[in-house]
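Here are some notes on the fold, the core and the aromatic rings. Please read them with the model open.

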Amino acid sequence: MSIDLDGIEYWILEQLDLHGARIVVVKYNPPFGAQRAVTVPVSDDFHCRSRHHSWLYFGASLRAWIDLLNKSELVCVGANRQYNNAFFGCEIVNESPCESD
């Protein structure tokens with residue numbers, strides 16, 4: 001599963017039952033950092049361009065995605081080279097590569 005809704009993906013996936021999903025790809029917001037679980041507030045009329053002049057106010061931090069998807073037994077297995085897409089898989093591993101700085 002891959003989802004890209006320009007800012008509110010976290011809130012959509014939070015409502016889905018992802019148990020049994022094998023692979024999930026999500027866009028995360030690198031400026032939010034990887035240490036804290038940060039998301040934009042849920043909003044029916046969300047548009048990143050109207051929320052902040054930088055256009056960097058969208059989505060969720062990597063930590064927010066890790067915390068959410070770990071509840072469905074999905075672990076972060078990596079990110080793309082631009083560090084804005086994270087890949088989660090159902091395989092149980094001892095240590096997630098996304099857990100480091």
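This is a predicted model: local features need pLDDT of at least 70, side-chain atom pairs count only at pLDDT 80 or more; totals for chains, interfaces and linings use all residues.

In what order do the four strands form the open sheet?

1. The order is β1-β2-β4-β3, with mixed pairing. Strands pair if DSSP finds at least two bridges between them. Helices (H or I, at least four residues) and strands (E, at least two) are DSSP runs, numbered from the N terminus.

2. Residues are numbered from 1 along each chain as its sequence is written, and side-chain values use heavy atoms, without hydrogens and water.

3. Strands β2 (residues 23–27) and β4 (residues 85–89) run antiparallel, joined by five bridges. Val25 sits opposite Phe87 of β4.

4. The largest nonpolar core has 18 residues. Such a core is a set of buried Ala, Val, Leu, Ile, Met, Phe, Trp, Tyr and Cys residues joined through side-chain atoms within 4.5 Å. Buried means under 20% relative accessible area, exposed over 50%, partly exposed in between (1.4 Å probe, protein chains only). Those with the most contacts inside the core include Leu13, Val24 and Trp65. Helix α3 (62–70) gives the largest share, six residues.

5. Tyr10, Trp11 and Trp65 form a cluster through ring pairs. Rings of Phe, Tyr and Trp (its six-membered ring) pair if their centres lie within 6.5 Å; planes under 30 degrees apart are stacked, over 60 edge-to-face, the rest tilted. Tyr10 is buried at 12%; Trp11, at 22%, is partly exposed.
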